[in-house]
Amino acid sequence: MKGWNLTLDLHAPSPTPLFVRIARALEEDIRRGRLPPGAPLPGSRTLADSLGVHRNTVLAAYRELETQGWISTSAARATYVSPTLPDVPARSTAGAPRTAMPTQVGFSLPSTPLRREQPEPSRGMLVLAGGAPDIRLLPASLLARAYRRALKLHGKSLLHYGDARGLHRLRAALAGMLSSLRGLAVGADDLIVTRGSQGAVDLVARTLVTPGDTVAVEAIGYRPAWHAFQLAGARLAPIPLDGEGLRVEALEALAQRTPVRAVYLTPHHQYPTTVTLSPARRIALLAWARTHRVALIEDDYDHEFHYEGRPILPLASADRDGLVLYVGTLSKVLAPALRLGFLAAPRSFLEHALGVREAVDRQGDTALEAAVAELLEEGEVRRHVRKMHGIYLGRRDALVEAVERELAGALTVSPPAGGMALWAHCAPGVDAAAWARAGREAGVAFTAGGDYSFDGRPVPAVRLGFACLKESELAEAVRRMARTLPRTLRASKRGLSVKA
């Protein structure tokens with residue numbers, strides 16, 4: 001955990017004094033193995049800063065833990081988890097040549113392809129992508145240095161067949177990051193490295209789903225993940241959302257009609273609306289899944305970029321029953337083309353998943369995994385995240401300001417607590433899909449809400465990514481949106497009058 005802030009879950013309201021809650025949270029993390037014996041703990045000032053509390057509160061919590069024998073302090077005043085813990089139970093652990101490819105196949109195909117054509121942006125177009133990072137700011141020279149070093153020192157082994165789970169060095173570095181920042185009690189053997197989060201979702205779908213199984217998904221959500229489950233033979237059931245995220249009572253109603261195999265959701269920053277699943281619903285969802293023995297597939301695709309309040313810990317950090325299959329990625333931190341995702345899950349599930357992985361693509365890019373492992377170990381990824389966090393926060397605020405200034409009568413937007421995009425609601429009379437088409441003609445690309453709806457119906461909203469453009473570019477993109485708005489309104493009103 002060296003170099004990362006230690007995150008604790010203190011969200012549940014309680015009359016218990018704060019120092020006692022901190023002490024209990026640390027004790028629980030020691031008991032469940034997140035903080036192993038001998039692990040260093042952050043200094044009192046560091047932990048107080050990361051939790052947003054007074055240093056004396058942390059000192060009081062440390063004194064409480066030291067009195068009980070959970071932690072110890074060295075002569076140099078460094079604080080560690082005690083090597084010998086009090087009262088902790090042991091853990092188990094043919095044909096003619098041709099000149100061109102035929103345009104049609106000689107066999108049957110599904111009626112409709114799953115893939116939606118995405119037109120390439122024209123030169124000079126400002127793309128308010130759905131949540132892509134700014135690859136111009138990637139520390140490419142550091143990555144190149146690490147890649148060269150990996151090949152120079154370990155080329156023979158890295159370029160040979162490797163472990164289907166991914167390079168152990170990278171899995172260990174990821175486990176340290178997940179344990180420190182996201183509250184997961186995981187080690188290297190609790191992870192599989194995949195080709196992006198989409199690779200992890202596909203691996204879960206192939207491992208978990210049998211044809212005809214029902215998988216619940218968010219009614220406005222991430223279509224590529226839906227396609228992965230459909231390709232595995234799943235029947236998808238859309239579950240509605242509101243301001244607190246997925247509506248758990250709708251899941252309960254679904255389960256009364258048909259058995260549910262799994263739920264796929266994005267609870268931290270819901271894709272695309274950016275809503276965070278409320279604490280009460282998190283508790284209710286875990287309880288419901290426990291009762292019905294349903295897998296929860298948690299896609300935490302941009303966890304690092306949370307701007308308001310304390311970071312929200314994943315569902316997986318509170319899972320004690322082996323219900324949550326946790327998916328994440330480094331693509332949002334580094335670059336989309338660096339296909340590095342991961343799956344954290346109970347080891348019995350990973351054993352099944354490894355058989356699928358070996359049948360599908362055998363292994364990942366071990367040379368790239370070695371290079372990124374070095375950047376994680378040396379703290380370069382952490383430094384890059386901190387830099388991007390500040391930049392993206394400024395861009396979020398700049399985009400909100402530009403929308404409120406240029407499009408006050410057309411869009412309503414609130415700054416999201418986290419993520420890399422805004423979800424803006426359209427005023428009555430604004431046809432989001434027509435506006436998006438007109439915007440492309442004017443040199444600005446953004447996405448209408450209907451593109452994310454399960455049934456394809458229009459949604460009066462647009463998604464505007466802010467991370468990949470500089471503040472001046474964001475301002476120009478919004479001006480282009482504003483210039484296309486009158487035409488959109490006229491087209492929308494003509495359509496309404498015809499229907500009447």
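1. Arg169, Leu170, Ala173, Leu174 and Met177 of helix 5 touch Glu369, Ala370, Val372, Ala373, Glu374, Leu376 and Glu377 of helix 11, where contact means heavy atoms within 4.5 Å. By class, this contact has eight nonpolar, no polar and four charged residues; Ala, Val, Leu and Met are among those counted as nonpolar, Glu and Arg among the charged.

2. This is a predicted model, with local features needing pLDDT of at least 70 and side-chain atom pairs 80 or more, while totals for chains, interfaces and linings use all residues. Residues are numbered from 1 along each chain as its sequence is written, and side-chain values use heavy atoms, without hydrogens or water.

3. Helix 5 (residues 168-182) and helix 11 (residues 366-377) pack at about 35°, their axes 8 Å apart. Axes are lines fitted to C-alpha atoms over the stretch in contact, and angles run from 0 to 180 degrees between N-to-C directions. Helices (H or I, at least four residues) and strands (E, at least two) are DSSP runs, numbered from the N terminus.

4. Which way do the residues of strand 12 (residues 341-344) point? Gly341 and Leu343 point one way, Phe342 and Ala344 the other, and all are buried, that is, under 20% relative accessible area with a 1.4 Å probe, protein chains only.

5. Strand 12 pairs in the antiparallel sense with strand 4 (residues 191-194) over four bridges, and likewise antiparallel with strand 11 (residues 324-329) over four bridges; pairing needs at least two DSSP bridges. Glycine 341 is the bridge partner of threonine 194, and leucine 343 that of valine 327.

Key
Buried means under 20% relative accessible area, exposed over 50%, partly exposed in between (1.4 Å probe, protein chains only).
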